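Please keep the sequence and the structure in view while reading.

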Amino acid sequence: MVSVLAGVMTSVISKLTALLGEEYAKLKGVHREVEFMKDELSSMNALLQRLADVDCDLDVQTKEWSSQVREMSYDIEDCIDDFMKSLGQTEMAKSAGLVQSVVQQLKALRVRHQISSQIQWLKARVEDASKRRMRYKLDERTFEPSILRAIDPRLPSLYAEQDGLVGIDQPRDELIKCLMEGVGSSVQKLKVISIAGPGGLGKTTLANEVYRKLEGQFQCRAFVSLSQQPDVNKILRNIFSQVCQQELPSTDIWDEGKLIDAIREVLKNKRYLAIIDDVWSTHAWKIIKCSLFLNDLGSRIMTTTRSIDIAKSCCSPHQGCVYEIKPLTTANSKSLFAKRIFGSGDICPQLEEVSLEILKKCAGSPLAILTIASLLANKDVTNEEWERVYKSIGSTMERDPGVEEMRRILSLSYDDLPYHLKTCLLYLSIFPEDYEIERDRLIRRWIAEGFICTDGGQDLEEIGACYFNDLINRSMLQPVKIQYDGRVDSCRVHDMILDLLKSKSIEANFATFFGDQNQKLVLQHKIRRLSLNYYSQEHIMFPSSAIISHCRSLSIVGYAEKMHSLSKFRVLRVLDIENGEEMESNCFEHLRKLFHLQYLRLNVRSISALPEQLGELQRLKTLDMGWTKIRKIPKSIVQLQHLTCLHVRNLELPEGIGNLHALQELSDIKVNQDSLASSLLELGSLSKLRILGLCWCLVDVDSNKETLADNLVSSLRRLGRLNLRSLNIQNNYRYSRIDFLLDSWFPSPHLLQMFQMGMFYFFPRVPAWVASLDNLTYLDININPVQEEALEILGSLPALLVVWLTSRSAAPEQRLVVSSNMFISLKEFYFTCWSNGAGLMFEAGAMPRLEKLRVPFDAGSGLDFGIQHLSSLRNLSVEIICMGATVREVEALEEAIRNTADLLPNCPTLEIRTWDDEHLMKEEQGKAEEEIQTSG
């Protein structure tokens, strides 16, 4: 696993470079050795980055050399970190008392002597590695062209029998409709459709089925596959042969330009169908596209790719779309599984339960289903045998030839990643199966591990977000939660991909897994990252023989009955513990000794306190203790100069909070009558703060409310002029008010993108500062009463994508009208109003991009609300207020809403709920009231 080593090496070289700088000029005794190691490792790194591109084809000797260099690089980095720690302790000793200073400096001298000896030893290891590299001539033989060529794994898909295909009809027909539909002259325009999705979902099979159905409708046709490293000349010759229906003589040596010209000449006046399968890069697509003549004869092009970005680039600028292939449904998965094993679509009743567990692991992937089914077809048809196979699916990947072939296909996507993304993806093997992984949490762990580097001033979290999005777009991760602006908020790893990543992690000694009942424990010489899963197996003991002193990351889920002392994890960078229900606070008494710790997350409800010496963790960047019983933040926390993210749960601000100059995210702090007014004022000194969440727990009778409110407003004004992007104010007190924010926030926070209020308080109108928030994309606000002016102000905000508007009542007798020039960018609108009056009316052209709508309507107030004008609507939720209406009026309104929704172009999903059903009037009562009104 050279790609992992390339990531480690980059970090080591960066630290060696720092040691040669002015800051560490005191390192006189070993300066020459450090410079030698830096130069040698830089040379090795250049080779390693080349090796990473051919990782899967390396011979045993090269792999062994890489493994030794990897462990050496880890040891060098640990040594550098030890030196930096001793240097930091020396500086701290200078500010201490005389006796303590002398003692500390003597200790530091002894440590430095030990480190100097260690550097000499490491230099010798570097020299040995360099000599072996030359002796084995790794640079020469590694990149010799291989004579052996692997069989194209797509071939079975191209020749799959139609009778054996399951669940293909619907996507095939949808694709054909997309390809062939059009109105008037648009039918004749060239159209490009791209099928996108992870490996193993059947993109090639689907494209081939479309090709079979449509090939008779075109004068020329071609179906070619590109692969990761395409031979462009060979592919162009293949296209030429198919469109001309004759082989190009092998003696004719044509370059790419001549081939492209010849193909274009053939296609110029022909209606053609071209399938370009397995596109791995936009560069390859651009070359092939040159040969496909752009005519207006109704020609069609279809591509398949694993990358969403590449799919979009194939479609642009031609009319077309990206078709994201979906996994098989549960019913189709069962049918395919049973057909392969039994020849029919039925599964034996006694095997039903274990079959469902196996299919759950396959997650609708035809490749995975067929592979596991082929494995089971050669086993005894017993529940015990199938259970055994299910439990060993991960480890089976190492042995069974059929499953090995599936692993090779899945590995294609991994092998195509640049080495920095390979390391980041491999890190996801640490999380348990089916675990929902939050994007921001993952990115911060990547940063703490040193996987994200920057030469310039670009923010590390922004780079990490780009890495994350790249893995999503390459279909390596499955999106779970998607935010209103389209960003993926959390993801999962497909079980089969996770098995692959765990296998590669073990091979590269990247991580050690303990507690997974389906994973055999493999103990390496030194554990670098440790993942303990106590949910799978309770009451298990981690082997005492394990060497954990070099462990960089410790992740625990479940209750660890006996956890190793934290003092043994001397180079730990990441500590993440989740749901350790019965852990005691004394488990963390040695937390202060984790000098290198950068990420600390404790989702442990039993913890009530952290050590007062928390401030000694000078490298800490993320502190997340939102789900603990901790009620007071240690005072020393204000010494954490590198802290960028602080998540707490209703804790008061400590005195000196203004010292945390690196802080970018702070939530959720509590402001009550015991809060320090000075701390609230210091909040405004956090010039880098982007996200702020607070709980306002004050009522009007609190004596210091006015002072605290003034200080909060003062801080918000300062933060609003700087970097504040998100503000969330909430409370659970019915009588708590934030009316001080109505007109006092000026100038407006020009960069604010999100404002949320989760409380019982209602603004009497839209706050004055909201009207000028040109960057606001998300607004959750309570206003009572809602008037037309409020809609006009909110509707004029240009960037607004989501609005949650809550009110007790609508002010006017007449309807509130959403005009055509309002909410031009809005995608989601959620309106709650307990007394809705005549209700909302959407004019033609209103909310042109609206996709989700939740709105209340009073039964009996009319049947037309203008929903037919919301042409982009995809989800409609209507709450019918039944108070004072008859059953007939409610039913009439329901029918009108359903009929209107059916006419919308996107056929939105519809949900109708009723309020106050118990207050429906009887028909006779309704008629009597009508007669009274008529006579009046």
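Lysine 705 has its place in helix H24, which covers residues 705-721, where helices are DSSP runs of H or I with at least four residues and strands are runs of E with at least two, numbered from the N terminus. With a relative accessibility of 10%, lysine 705 counts as buried, a class that means under 20% relative accessible area, while exposed means over 50% and partly exposed lies in between (1.4 Å probe, protein chains only). Apart from neighbours within four places in sequence, lysine 705 is in contact (heavy atoms within 4.5 Å) with Trp696, Leu698, Val699, Asp700, Arg737 and Asp739.

This is a predicted model, in which local features need pLDDT of at least 70 and side-chain atom pairs count only at pLDDT 80 or more, whereas totals for chains, interfaces and linings use all residues. Residues are numbered from 1 along each chain as its sequence is written, and side-chain values use heavy atoms, with hydrogens and water left out.

The chain holds 27 helices and 27 strands, and of its 936 residues 52% are buried. Among contacts in the chain with a separation of 6 or more, 64% are made by residues 24 or more positions apart.

A search of the whole structure finds 44 salt bridges, each defined as a side-chain nitrogen of Lys or Arg within 4 Å of a carboxyl oxygen of Asp or Glu. One of them joins the side chains of glutamate 385 and arginine 388, at 2.9 Å from N to O; because these residues are three apart in helix H16 (residues 383-391), about one helical turn separates them. Glutamate 385 is buried at a relative accessible area of 18%, whereas arginine 388, at 39%, counts as partly exposed.

Aspartate 489 and arginine 439 form another salt bridge, at 3.9 Å from N to O, and this pair links distant parts of the chain, with aspartate 489 in strand S8 (residues 488-492) and arginine 439 in helix H20 (residues 439-449), 50 residues apart. Here aspartate 489 is partly exposed at 27% relative accessibility, while arginine 439 is buried at 6%.

Arginine 592 and glutamate 616 also meet through their side chains, at 3.1 Å from N to O. Arginine 592 is partly exposed at 35%, and glutamate 616 is partly exposed at 31%.
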